[in-house]
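Student: I'm new to this one. Can you walk me through it?

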Amino acid sequence: MTENKAIIDPGWNFDNSYARLPETFFSRIEPTHVRSPKLIVLNDRLAASLGLNAEALRGSDGVAVFAGNRIPEGAAPLAQAYAGHQFGHFTMLGDGRALLLGEQITPDHTRVDIQLKGSGRTRYSRGGDGRAALGPMLREYIISEAMHALGIPTTRSLAVVTTGEEIIRETELPGAVLTRVAASHVRVGTFQYVANWGTVEELRTLADYTIQRHYPDAEAAENRYLALLQEVIKRQAALIAKWQLVGFIHGVMNTDNMALSGETIDYGPCAFMDAYDPATVFSSIDVHGRYAYGNQPSIAAWNLARLAEALLPLLHDDEDQAIQLAEDAISSFVDLFASHWLAGMRAKLGLFNEEPEDEALIKDLLVMMQKHRADYTNTFRALTFDKHEELAFNGTTEFVQWHELWQARRGRQREPQASSQQLMHSSNPALIPRNHRVEEALDAAVKQGGYSVMERLVQAISNPYAHSPEQAEYCTLPEPSNRPYRTFCGT
Ligand code: AMP
Ligand code: MG
């Protein structure tokens, strides 16, 4: 048996296309070894879909890979260079505490980045220690898996290991490394970096690479770089609409945290909104509310304008014409976002067809929610199941009137009420990873070394549209003392 175990192939199947790009895009690096790695959580289902063998990954060689103590065969580790606008200020950044092991080619021939986050210092670390604490890495694990289960494009989390070393933050904290899986780590900030410090040829190389990897259809377009920009804008409009529809607040929508693939990336001080309020901010460092819930669509457009700026030399030889093309592309974001959002809201209210007054109906509901500080998720859940007694505004005249309009509106579609309810059922999650539940799980893990609270939470959020009785306990709101909730940057 033991002999057998030793020869199980973990299934790593690396290719390294990023490492074949110009050397200025990255620096080759070895992860810094850690004292005594211990596996905290492994995503078995994700591992299987990547063609990896979970049993082998749990073995000491597998865990050594997740800790950066062992380079798997075929990997060519590197830290990626990128820049970014952080809260509006342009800076040179790069992977300061992460490295790309390589790209795993999965059994269905998909190419995904395998990245270690918290793997030690790199050329881009600036003053940082290159390390990550256990709490924030488990937080990324929980939230990214919840986003995936909610049907929202996102990077995934394969594993978290502790390093056996303490890291110094405000206090000493257990160090950890997260293994992240992404369609790629090409960011708006990657384009900003090359546009600022590279040549136009290098910029073209990066754009061609991104097209080949994420937007192969753009290759046939008359102006492939314009097509790239337009397609990125489309994916971001769809993505941000999905965030808004579930009440997700990213927290640090800097341009280095926006992926060209259209996946949600870099979970730091993110959180889900409880009471509906567009001004909701959780991040302790976002003092001006730049990345508040209601600002996310316009910030996304602002970030995309930075991408367009970086792409200008490729859009047209004539600068004025390039600017015109870029501006036209960026201005499409507003309508694209609005139509995704409206379609999503219609589904949340059980509406199949479209009527011009739908937007007003939706806005009236949101106004009521804001006025009564109604819980965003639970309001839609209560409407889905006609549990009016659970609504914050139950019994008010405005709700009675709104409800009448809504019922009449549902009557004006071909689909029967049962189908309408089914649509609501599958569009309104029963639960989201509520902040107090996430904190409870992280507390148990970091302070007591107990992982069962987290495992139960991850299990509960893995099927958010089930509306099963076992999930009920996760739908309850935090005690008032847990509000206002604050999140801290993922350091
Ligand atoms: P983040 O807030 O995680 O998106 O990180 C922003 C930038 O700071 C990225 O370039 C990170 O690589 C870098 N960074 C964050 N934490 C550390 C750290 N502990 N050591 C070195 N670089 C870091
Ligand atoms: Mg980042």
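We start with the whole chain and then turn to single residues.

Tutor: First, a caution: this is a predicted model.

Student: Okay. What does the secondary structure of the chain come to?

Tutor: The chain has 16 helices and 13 strands.

Student: And what box do the C-alpha atoms fill?

Tutor: Roughly 65 × 65 × 45 Å, taken along the principal axes.

Student: How does the radius of gyration fit a compact globule?

Tutor: It agrees. For 491 residues, a compact globule would have a radius of gyration near 23 Å, and the chain has 23 Å.

Student: How much of the chain is buried?

Tutor: Of the 491 residues, 57% count as buried.

Student: New topic: charge. Which residues gather in a patch of negative charge on the surface?

Tutor: Asp317, Asp318, Glu319 and Asp320.

Student: Where is aspartate 320 placed?

Tutor: Aspartate 320 sits in helix α10, which covers residues 319-348.

Student: Why does aspartate 320 count as exposed?

Tutor: Because its relative accessibility is 61%, and exposed means over 50%.

Student: Now aspartate 129. Where does that lie?

Tutor: In the loop between β8 (111-117) and β9 (132-133).

Student: Why is aspartate 129 called partly exposed?

Tutor: Its relative accessibility is 32%. Buried means under 20% and exposed over 50%, with partly exposed in between. So aspartate 129, at 32%, counts as partly exposed.

Student: How far apart are aspartate 129 and glycine 96?

Tutor: In sequence, aspartate 129 and glycine 96 are 33 residues apart. In space they are 8.4 Å apart, C-alpha to C-alpha.

Note on methods. Residues are numbered from 1 along each chain as its sequence is written. Chains are lettered from A and ligands numbered from 1 in the order in which they are written. This is a predicted model: local features need pLDDT of at least 70, side-chain atom pairs count only at pLDDT 80 or more; totals for chains, interfaces and linings use all residues. Side-chain values use heavy atoms; hydrogens and water are left out. Patches are made of residues with over 30% relative accessible area and no salt bridge: like charges are joined within 9 Å, nonpolar side chains (Val, Leu, Ile, Met, Phe, Trp, Tyr) within 5 Å. Accessible areas come from the Shrake-Rupley method with a 1.4 Å probe; for residues, only the protein chains shown count as cover. A salt bridge is a side-chain nitrogen of Lys or Arg within 4 Å of a carboxyl oxygen of Asp or Glu. Lys and Arg count as positive and Asp and Glu as negative; His and the chain ends are not counted. The place of a charge is taken as NZ of Lys, CZ of Arg, CG of Asp or CD of Glu. Helices (H or I, at least four residues) and strands (E, at least two) are DSSP runs, numbered from the N terminus. Buried means under 20% relative accessible area, exposed over 50%, partly exposed in between (1.4 Å probe, protein chains only). The radius of gyration is taken over C-alpha atoms; the globule rule is 2.2 Å times the number of residues to the power 0.38.
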